Amino acid sequence: MEKSIFNISKMDCPSEESMIRMKLDSVGHISKLDFDIPNRKLTVFHNGNLEEIQKAIKDLKFNDELISSEPTDEVIIEDSNNQRKLLWSVLIINFVFFVIEMATGLISKSMGLIADSLDMLADSFVYGLSLFAVGGSLLLKKRIATTAGYFQILLAVIGIVEIVRRFINPTEVPNFKTMIIVSILALLANGLCLFLLQKSKSKEAHMQASMIFTSNDVIINSGVIIAGLLVLWTGSRLPDLIIGAIVFIVVVRGALNILKLGK
């Protein structure tokens, strides 16, 4: 058994992690992939074929560099059942809040909440794809990634068109109370997801990555709360439209990354 450590400077979210996993699915004799996303490190436990592994990673153009490669007697333990339970838990939490934020966003006429709901949906897709990374089919995962990516882009484009329409034509001011209350609940939901992932004490990518993209979710939730306060203060719909546009752009960027997984 060999232990090879790579520095991958452009690996900073679950999408890159999933792309690397899928790329290496076709490489044989790999026992385990251990991701340290905050430090941009990937440790590969494998039997030989280092050049093939290097080539597969380099094809992704994530600015990779082999730091070290040496024999190891480390025992590889995979707990797939616990990973699946954990991923299902955070997937359900994110999807439930997608439904809640979408419904309350439509009722309160808040584009910020609607956009934030799509961000929660994007997280659900990422966790769903990660579930297939735990012993899943490569072909099925690619098909799901492609479908999920196009679906997200479609929803985001519809949202952006609606923002433009509301900006041009006078519309009702969104309900700032609903914006603030639901966003605070979404903040708590993201905190719960992070707690569950940390509680697992896993060093797998799913926990490490969550610390990055959950912090992004917290920023987005905070943005919607601030937009709600600005709507209260100014009596204008513009803060809601601005935060909605920003989040939709974030969703499109995430969807493009997910589409790369399907290639």
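**Entry 1: the model.** I am working from a predicted model, in which local features need pLDDT of at least 70 and side-chain atom pairs count only at pLDDT 80 or more, while totals for chains, interfaces and linings use all residues. Residues are numbered from 1 along each chain as its sequence is written, and side-chain values use heavy atoms, with hydrogens and water left out.

**Entry 2: the sheet.** I looked up how the strands are arranged, taking strands (E, at least two residues) and helices (H or I, at least four residues) as DSSP runs numbered from the N terminus, and counting two strands as paired if DSSP finds at least two bridges between them. I found four strands in an open sheet, in the order β2-β3-β1-β4, with antiparallel pairing. Its edge strands are β2 (30-36) and β4 (64-71), each of which pairs on one side only. On average, neighbouring strands of this sheet are turned by 15° against each other, direction ignored; the axes behind this angle are lines fitted to C-alpha atoms, and angles run from 0 to 180 degrees between N-to-C directions.

**Entry 3: the partners of β1.** I then followed β1 (residues 2-8), which is joined to the antiparallel strand β3 (residues 41-46) by six bridges. In β3, Phe45 is the bridge partner of Lys3, and Val44 stands opposite Ser4. With β4, strand β1 pairs over seven bridges, also in the antiparallel sense, and here I noted Ile8 opposite Asp64.

**Entry 4: Asp64 again.** Searching the whole structure for salt bridges (a side-chain nitrogen of Lys or Arg within 4 Å of a carboxyl oxygen of Asp or Glu), I found four. One of them links Asp64 to Lys58, with the closest N and O atoms 3.8 Å apart.

**Entry 5: helix α5.** Glu162 forms a salt bridge with Arg165, whose closest N and O atoms are 2.7 Å apart, and another with Arg166, at 2.9 Å. Arg165 and Glu162 are separated by about one helical turn because they lie three residues apart in helix α5 (residues 138-168); Arg166 and Glu162 lie four residues apart in α5, again about one turn. Through shared partners, these salt bridges join Glu162, Arg165 and Arg166 into one network. I noted that Arg165, at 39% relative accessibility, counts as partly exposed, as does Glu162 at 21%, whereas Arg166, at 12%, counts as buried.

Methods: Buried < 20%, exposed > 50% of the residue type's maximum accessible area, 1.4 Å probe, protein only.
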